[in-house]
Amino acid sequence: MASVETAAEHERILREIESTDTNCIGPTLRSVYDGQEHGLFMEKLDARIRNHDREIEKMCNHHFQGFVDSITELLKVRGEAQKLKSQVTATNSRLQDDGKELISSMEDLKRCRVQQRNIATTIDKLTHCLPVLEMYSRLQEQMRAKRYYPALRTLEQLEQTCLPRAGQYRFCSIMAENIPKLMTQIRDTAMTQLRDFLESIRKHSDKIGETAIRQAQLQRSLDSSVSTQPRALIGRRGRKEAAAAMESDGQGGSPVSEQDSGILDVEDEEEDDEVPGAQDLVDFSPVYSCLHIYTVLGLRDVFENYYRKQRRKQARLVLQPHSNMHETLEGYRRYFNQIVGFFVVEDHVLHTTQGLVNRAYVEELWELALSKIIAALRTHSSYCDDPDLVLDLKNLIVLFADTLQGFGFPVSHLFDMLLEMREQYGDILLKKWNLTFRQVLDQDNFSPIPVSTEQEYKHYTAQFPLQDPELDKLPFPKKLPFSEFVPKVYCQLKEFIYACLKYSEDLHLSSTEVDDMIRKSTNLLLTRTLSHCLQYGIKKKNVGLAELVQVIINTTHLEQSCHFLEEFISNITNVPPDTVNATKLYGTSTFKDARHAAEAEIYTSLNAKIDQFLQLADYDWMVAVPGGGALVASDYLIDLIAFLKSTFSVFTNLPGKVAQTACMSACKHISTSLMQLLLDPEVRQISMGALHQLNTDIQECEGFARAGPVAGFQGDTLLLAFSDLRQLLDLFTLWDWSTYLADYGKPTCKYLRVNPHTALALLEKMKETSRKNNVFAQFRKTDRDRQKLIDAVVKQLRNVIAQHHT
């Protein structure tokens, strides 16, 4: 069993030796030597080797004939090879002999090829170097000609294209070193030109603005059916040319002509019909050139910030008005011209450059300008007191606003400010018309206007709407009922309305708004200015009753003309007077108030005149009772009655109620004044004779009242003015105390108007008179009886007064 296993193991080891790489056979042999059957293995190994030798021998015997055949053929080939070698050697000798000339020719060809290549290389290098030299030469010419933008484009092309192609040459290095210096020189020169340009347009902004405003005027004068461009000043053609010039880049050409910065000469152009535009007045090439130069240099942001900063500074200078701007319209015109010129330039730059200024920047500048303009105009216009200057200023502001609106700037705030100025204009007009009305009032003669011919009559009726058919029928010469004051005031009212209308023009207001504005202003003129002037005329000194009467007549006719003023306003504003919410004129109430003031002044003046006459009254309060002779009225009273008669004869043209009221007021004043004379505390004693004289004067007054100095009184109405004094005097002269005391307090009392206090005061004065005369009166029984009677009546009156108070 062990031998079988050993044989199997040896067989495995032999197979492993046959199939394993010799590098790995060590472990296998080690296992043989480690075993106990080493000899047996060697035997088997020898047997295996012998077996393999036999197989090898069999294999060699099988292939030996083929090997012999191959050796035989190889020996044959060696002979042929020797022949071939001899032939090849002979051929090579002949070839070498024949190829010597060809090799010489090839060497010559090689040298020619090298020369040709060198020439081509030289030409190529020159081809790259010559453009550099030519371009540098052109650069020098452009620098000498001050064509800096093309020079910069040439530098850019030289640096980026030509010099890299030219290669490393000394002159190229020198050129490359000079390029930054040249760029700096171009940049500084362009900035200098820009500064000159900014300074130039700052000085000439008023010329640019004047031209823009003039074109706006021409544009407004065109027929409304003709379509107008919103930016006519610049024009499409100018902008297209400027934009095309910006985009052109042929051979480094300038975007616009390389002229000096500043304002071009336009003296010849002004003589033409066409108004030059901004591009005609201003050479913008420094701006475009500098913009392109800085863009090429990669400094566009720096240039934009610098330009905007400088223009903001200029804007602040332009927006600062002169301290005396308000004195003349030319000051305002220069101010507006500069502002318009500034924004015309900015608008042109906005539309002809790509991003140098944008819409937001321009709008920001305009907002700043608008606030400062409005503040300046509010301040300076407040100093103005000339309505013509304010009106001219308003028209100038409207033209200024329309001009800038044509460039797309919002101007609604300017029109709002004009509406604010409308109130100031109205106040100035009121002051002017106040002086005018006072002048008319001072120059008026307060007498009816005499008219001797039909032409004169038509002249006045054309000035004032007089409608009096009865007056029309009267023959010439005749008199108009009113004085010169009426037609002059009416014409001045119309002139004021026209002045208000002039301001309302071009403010983009509706007819209703204009109508309302005019009516409100006219109401202020009527209720404030004209009313105060009429009050001034009525209240001033040295105004007689005749003048006051004429004032009443004048105001009556002016009051009747108010509806004509309403129609006049409606005609010029094309707004019907019956429009809903339409403002009504207050002229009727104004003239009524003036008439009432004149009436009150008539009453006051009449009473003052009466007081002057009454001051002449010189009653002898201690005069004795006259004998059989009739008493005569006092001289002062006769004169007073004559004055009243002549005065009331002038009142014929007054309204009936006014004349009646004046007459009644005068009579009451006379009665009251005479009553005050009786009760004057300084008059301590009154005799019966004085009462008889006063009674005679009252009879004279009653005669005047019965005569009817003014028509319209019914019956003895005017006598009622003297009834208090009449009943008092009757009570004392008739000594009818028994009737008075018996009927006191009854409605049917004969002396109903006699106040017991008044009667008691008068009795006390008569009692004082009796007491002083008592020394002589005690010897006369009649006087003693009268004194007792007075004492009794006084006692009874005191009882009546006490009972009445209780």
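Rings of Phe, Tyr and Trp (the six-membered ring of the latter) are taken to pair if their centres lie within 6.5 Å, with planes under 30 degrees apart counted as stacked, over 60 as edge-to-face and the rest as tilted. The structure is a predicted model, in which local features need pLDDT of at least 70 and side-chain atom pairs count only at pLDDT 80 or more, whereas totals for chains, interfaces and linings use all residues. Residues are numbered from 1 along each chain as its sequence is written, and side-chain values use heavy atoms, with hydrogens and water left out.

Burial was assigned from relative accessible area (buried under 20%, exposed over 50%, partly exposed in between; 1.4 Å probe, protein chains only). Phe342 is buried at 1% relative accessibility, and Phe343 is likewise buried at 2%. The pair formed by Tyr619 and Trp621 is instead tilted, with planes at 35 degrees and ring centres 5.3 Å apart. Tyr619 has a relative accessible area of 11% and therefore counts as buried; Trp621, at 14%, is also buried.

A charge is assigned to a position over a ring if NZ of Lys or CZ of Arg is within 6 Å of the ring centre and within 35 degrees of the ring normal. Arg308 lies over the face of Tyr361, at 5.1 Å from the ring centre. Lys478 places its charged end over the ring of Tyr457, 4.4 Å from the centre.

Glu304 belongs to helix 11, which spans residues 300-318 (helices are DSSP runs of H or I with at least four residues, numbered from the N terminus). With a relative accessible area of 12%, Glu304 is buried. Its side chain makes a polar contact of 2.7 Å with the side chain of Arg300; such a contact is a pair of N or O atoms within 3.5 Å, where within protein one must be able to donate a hydrogen and the other to accept it, and residues adjacent in sequence count only if both atoms are side-chain atoms. Residues up to four places away in sequence being excluded, Glu304 touches Gly355 and Leu356, contact meaning heavy atoms within 4.5 Å.

With a disulfide defined as a pair of cysteine sulfur atoms within 2.5 Å, the count is zero. Among the cysteines, Cys533 is buried at 2% relative accessibility, and Cys749 is buried at 8%.

Conventions:
Helices (H or I, at least four residues) and strands (E, at least two) are DSSP runs, numbered from the N terminus.
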